[in-house]
Amino acid sequence: ANAKKWLNAPENVVEEMVEGVIAAHAGQLVKLKGYNVLLHRNIDILKQGQVTILSGGGSGHEPAHAGYVGDGMISGAILGGVFASPSIDAVLAAIRAAAG
């Protein structure tokens, strides 16, 4: 049988992808504790002087949302499960973190 995907464990795929994105962009992103939310490293400074923009959706096409977090781009990404929307709790936590 030919493998079509490389996964350690399907139930951990989103969390491991988040860890990989953070590792690949060391110092650029921070993870909101308890949620699959990635924020700009300077979110606390940004939210004081500009409008912050969040994007989100299902995982599976990463870095679809997370890849746009950075200087001059969006302020954060809210990641749901594979092809599933993020939870209401994650969206609310991201809004609170990005808006103060």
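Colleague: How do the residues of the lining of the largest pocket divide into nonpolar, polar and charged?
Modeller: Keep in mind that this is a predicted model. The lining has seven nonpolar, three polar and two charged residues.

Colleague: And what volume does the largest pocket have?
Modeller: About 230 Å³. Of the 12 residues lining that pocket, Lys5, Leu7, Val13, Gly60 and Val82 are the closest to its centre.

Colleague: Which element gives the largest share of the lining?
Modeller: Helix α1, residues 13-24, with three residues.

Colleague: Switching topic: where is His65 found?
Modeller: His65 is in the loop between β3 (54-59) and β4 (76-82).

Colleague: Buried or exposed?
Modeller: Buried, because its relative accessibility is 17% and the cut-off for buried is under 20%.

Colleague: What does the His65 side chain make a polar contact with?
Modeller: The side chain of Ser55, at 3.0 Å. Leaving out residues up to four places away in sequence, His65 also touches Gly56, Gly57, Gly58, Ile74, Ala77 and Leu79.

Colleague: Okay, β4 then. Why is it largely enclosed by the rest of the structure?
Modeller: Because five of its seven residues are buried.

Colleague: Which way does β4 run against β3, parallel or antiparallel?
Modeller: Parallel, over five bridges. Gly57 stands opposite Leu79 of β4.

Colleague: And how many bridges join β2 to β4?
Modeller: Three, and that pair runs antiparallel, with β2 covering residues 37-40. Val37 has Ile78 as its bridge partner in β4.

Methods:
Residues are numbered from 1 along each chain as its sequence is written. This is a predicted model: local features need pLDDT of at least 70, side-chain atom pairs count only at pLDDT 80 or more; totals for chains, interfaces and linings use all residues. Side-chain values use heavy atoms; hydrogens and water are left out. Helices (H or I, at least four residues) and strands (E, at least two) are DSSP runs, numbered from the N terminus. Buried means under 20% relative accessible area, exposed over 50%, partly exposed in between (1.4 Å probe, protein chains only). A polar contact is a pair of N or O atoms within 3.5 Å; within protein, one must be able to donate a hydrogen and the other to accept it, and residues adjacent in sequence count only if both atoms are side-chain atoms. Contact means heavy atoms within 4.5 Å. Two strands pair if DSSP finds at least two bridges between them. On a 1 Å grid over the protein atoms alone, a cavity is a set of points where a 1.4 Å probe fits but cannot get out, and a pocket is an open set with protein on both sides within 12 Å along at least five of seven lines; lining residues have an atom within 4 Å of a point. Grid points are joined across faces, edges and corners, and a volume is the space filled by probe spheres set on the points. Ala, Val, Leu, Ile, Met, Phe, Trp, Tyr, Cys and Pro count as nonpolar, Asp, Glu, Lys and Arg as charged, and the others, Gly among them, as polar.
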